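The tour goes from one selection to the next and says what is to be found at each stop.

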Amino acid sequence: SNITKIAGYGDDDRDIKKVSGGFFDGKNIYIVDEEQCKVKVFDSSGFKNAFGGKVDFLGREKEGKFSKPVSVVLDLDEKVYVLDAKLLKVDVFNMDGIFLYSYPLFSDKTSAKPSSMIFLKGKIYILFDRFIRVYSVDGRFEKNIDLKDVENAVSFDSDEYGYIYILDQKSSRVYVLNTVSEKIVGSFFGKGKGVREFLEPSVLK
């Protein structure tokens, strides 16, 4: 068999309890364990290291700790970015899991919660239900991109040409965003049980 098991279910750092996000850099797999509030790093040989952890009961000592981590990405300088949907922040680490800095998410739409994050064209793109928020890698808010016709975006990804594909769970459609014009230029799939249809999709990669 060509399938190799690298992790099991459990409380140990080598195990995973609830996957909420992941990233593959060509060599290592970074998995966000939402229940343990950690990022677990694996390669083809198995477990390498883990970092993060839960904030304390009173919510103090938040640096490098999480309440609801949901997404992880790496930039071109091999810095690791972890999105926390409950604390509304991004924590940044080096490749060894050493905490570097943190920045809060600018929020003028307080009811919206982030669900996913990608690194594209030197920027950090963070997905909310009906818009995307763009930040510089050092945490400076740059702009919002409103997602016309999208009702409940839950996941997104990009291609080599700079297009972003956004999964709308409510309509079960994938919308295509042109990052130059910042406009939706197409969509595909739909809700149902037929060919090219889904009932409640949750992840797009």
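Strands here are DSSP runs of E of at least two residues, numbered from the N terminus, and two of them count as paired if DSSP finds at least two bridges between them. Bear in mind throughout that this is a predicted model.

Begin by selecting residues 153-158 and 163-168, which are strand 13 and strand 14, an antiparallel pair held over five bridges. At one end of this pairing, pick Ser158, whose bridge partner in strand 14 is Ile164. Four residues lie between the two strands of this hairpin, and Gly162 there takes a positive phi near 90°.

Now widen the selection to the open sheet of four strands, whose order is 13-14-15-16 and whose pairing is antiparallel. Strand 13 and strand 16 (183-188) are its edges, each pairing on one side only, and neighbouring strands are turned against each other by 25° on average, direction ignored.

Finally, display the largest pocket, which has a volume of about 650 Å³. Of the 34 residues that line this pocket, Ser20, Gly21, Val70, Ser115 and Ser116 lie nearest its centre. Coloured by class, the lining shows 17 nonpolar, ten polar and seven charged residues.

Conventions. Residues are numbered from 1 along each chain as its sequence is written. This is a predicted model: local features need pLDDT of at least 70, side-chain atom pairs count only at pLDDT 80 or more; totals for chains, interfaces and linings use all residues. Side-chain values use heavy atoms; hydrogens and water are left out. On a 1 Å grid over the protein atoms alone, a cavity is a set of points where a 1.4 Å probe fits but cannot get out, and a pocket is an open set with protein on both sides within 12 Å along at least five of seven lines; lining residues have an atom within 4 Å of a point. Grid points are joined across faces, edges and corners, and a volume is the space filled by probe spheres set on the points. Ala, Val, Leu, Ile, Met, Phe, Trp, Tyr, Cys and Pro count as nonpolar, Asp, Glu, Lys and Arg as charged, and the others, Gly among them, as polar. Axes are lines fitted to C-alpha atoms, for helices over the stretch in contact, and angles run from 0 to 180 degrees between N-to-C directions.
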